[in-house]
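Visitor: I would like to learn how to read a sheet and a pocket in a model like this one. Could you take me through it?

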Amino acid sequence: MLAAPLLLLLPLLVPFPPSSGAQLPNQGRVEEAPVATNGQPFPWGRMRLPKTVSPLHYDLSLHPNLTTMDFKGVVRIQLDVQEDTGAIVLHAKQMQVSNAWLLAPEGARPLRVLEYPRFHQLALLSDAVLTRGRKYEVQLEFAANLSDSFHGFYKSSYRTSTGEVRVLASTQFEATYARAAFPCFDEPAFKANFTIQIIREPRHISISNMPKVKTVLLPGGLLEDHFDTSVKMSTYLVAYIVSDFLSVSKTTRHGVKISVYAVPEKIDQTAFALDAAVQLLDFYDDYFDIPYPLPKQDLAAIPDFQSGAMENWGLTTYRETGLLFDPDKSSASDRLGLAKVIAHELAHQWFGNLVTMEWWNDLWLNEGFAKFMEYVSLRVTYPELQVDDIFLGKCFEAMEVDSLSSSHPVSTDVENPTQIQEMFDDVSYDKGACILNMLRDFLTPEAFEVGIIRYLKRYSYQNTVNSHLWESLSNVSDHLGPKFCSERSLQSGASKWYSGDELDVRAIMDTWTLQEGFPLVTVEVRGREVRLSQERYLKTADRSLTEGYNVRLSLRSVCLLLFRADVLYLPEEADWVKFNVDMSGFYMVHYAGEGWNSLIRLLQHNHTALSSNDRASLIHNVFQLVSTGNVRLDTALELSLYLSRETEIMAVTQGFQELVPLYKLMEKRDMAALENRMKPPRRRHHGSVCDRSSNPGRVGLPV
């Protein structure tokens, strides 16, 4: 009897044991009493700042000198006192701080300044107690050299076509470098408003987060630009640039002025970025149902810029290669790359800027969401870019990193600047995006959108942790339509995922963010019976890391609780079974018994019965399982033979990525006969992809 094939979508809900990367005891604190540079006791001994006072507003005046390559400034910080204290502890790094004053209603009083360079901290000591509930101001003068690195307030330069070297100064404060530009409370939870003034020469311009409100002529011919007061934001989002840049501008449908800045000789390469920024900001304005809160959004191409781009609120900064597009020289792939990076940084204006993670352990709330929104936005604004193919590839790349025993949970304890910087990796960005895509598929796109809009509106101008997002997504049942899993269909233990009638998203998603790795589900079909088991997928022989997994699987209207093993019964026998439809779940599947052979037969006779993503995921999974010894190499090679008829970019590209290392190995070992047997399909694939790449509606990928 020929039975209908069955495709199964199985989001895995995996409670994990405590992370093996737990923080060491006393990390981020001083074992002995800290001592300031002048030999006096320093009043604070932890890496994280105390919460006795919090900043409300910074009035920051800066004078960078692009001849002597240094800068000086004055900062006045309005403070709200949370607890009685005689010491104000804040950050400053590699700068000279002088003339510190406490400005109180009863008059100005000098403050003693202590420095503790180990933690980049200053202590401002007052002779009188600062009283809880009152507001004070402190004023400090400071000076430092422009940084030689690409962090803090740093010097940059470029060479014109005539060979002239021109100098500029720019900022890069994420994650912990605002403290190198001005004394501040340099942690994301210490949000405040900023009013900035910059002194410059007439040959330069200055730009910052907010629009310029006036320019004042100073004695000696210098100019002082005054910028409007910012919205409430974290220090790492503050930005300013002094340069000779030119700009082009447009206005969005919602009335936001978009400007792109670049060196004068490259201003004619800004058209694509300007149009893309207008379209994308309008898209986000509509999608998030929250108006972009600033009157302008600048995008600046910096000649010397280490990061790919930076989401400073109202002034996003980019490498020149990440923002400029030369129609005569740039490729279709360049166009895709520019669109992605602009989409990423503009998504941050909501995820990261409007709502910010409380601490860097939840960096993925910023970066995972921005990476995910790249693809959501570009599917609509630039459908010809076919970004779904690229997104699947990113999930494969994240799995490559997450399959190592050295991986870390998406949410990981970090304390010092070095640990924080290490969080900017494929796990925070790509895995974060992939598990959000999995959750969106599970909840439905409509319910997911409702939940994240609720999250953004509820926590605007605030800081959040994982649980705030999950709570916002939990009560969306009215928007789910037919429930993915109804309580009546729950099998043993699965009611754990519900709180009353509501889906407990936190209980599900904590399993994906608080534990490193991802599952390998093994499937064996025997008639109508499907035997399921799971373990962590690891490219290591250390199987001890797989202890303690529980997997909960949802199948259409049936919720299945899977521990080490379980059994699912199909309505009728099937010729083949494909789990993880469209690779929407962040896990791999091994088809034991005749499972792989049945899928090989399907691909050989009717490969389009599966979607392009399904075919690409089968290629990826089978070759990854060869590397761990779960599948024989000849099985993977036999599956890949169908590629001679493949025309979709993602499946072909994934096939090349798996097969090219084998070709190189055969060449190295002089296995000419086997190599020649495999080459004809490769030539046909290459021609097919080239044909697709020549279509202006497709993106040409290197293969």
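This is a predicted model: local features need pLDDT of at least 70, side-chain atom pairs count only at pLDDT 80 or more; totals for chains, interfaces and linings use all residues.

Visitor: How many helices and strands does the protein have?

Guide: Helices (H or I, at least four residues) and strands (E, at least two) are DSSP runs, numbered from the N terminus. The protein has 14 helices and 33 strands. Of its 703 residues, 58% count as buried, meaning under 20% relative accessible area with a 1.4 Å probe and protein chains only.

Visitor: In what order do the three strands of the open sheet come?

Guide: Strands of a sheet pair through backbone hydrogen bonds, either parallel or antiparallel. Here two strands pair if DSSP finds at least two bridges between them. The order is S5-S9-S8, with antiparallel pairing. Strands S5 (85-91) and S8 (112-116) are at the edges with a single partner strand each, so one side of each lacks a neighbour in the sheet. S5 is joined to S9 (residues 121-130) by six bridges, and His-91 stands opposite Gln-121 in S9.

Visitor: Which residues lie nearest the centre of the largest pocket?

Guide: On a 1 Å grid over the protein atoms alone, a pocket is an open set of points where a 1.4 Å probe fits, with protein on both sides within 12 Å along at least five of seven lines; lining residues have an atom within 4 Å of a point. Of the 28 residues lining the largest pocket, Ser-307, Gly-308, Ala-309, Val-341 and Tyr-429 lie nearest its centre. Helix H2 (332-348) is among the elements that supply at least two lining residues, and H2 gives the most, with six.

Visitor: Which element gives the most to the lining of the second largest pocket?

Guide: That is H4, with seven residues. This pocket is lined by 20 residues, with Ile-390, Gly-393, Lys-394, Glu-397 and Gln-657 nearest its centre. H2 also gives two or more residues to this lining, as do helix H4 (387-402), helix H11 (612-627) and helix H13 (649-668).

Definitions and conventions
Residues are numbered from 1 along each chain as its sequence is written. Side-chain values use heavy atoms; hydrogens and water are left out. Buried means under 20% relative accessible area, exposed over 50%, partly exposed in between (1.4 Å probe, protein chains only).
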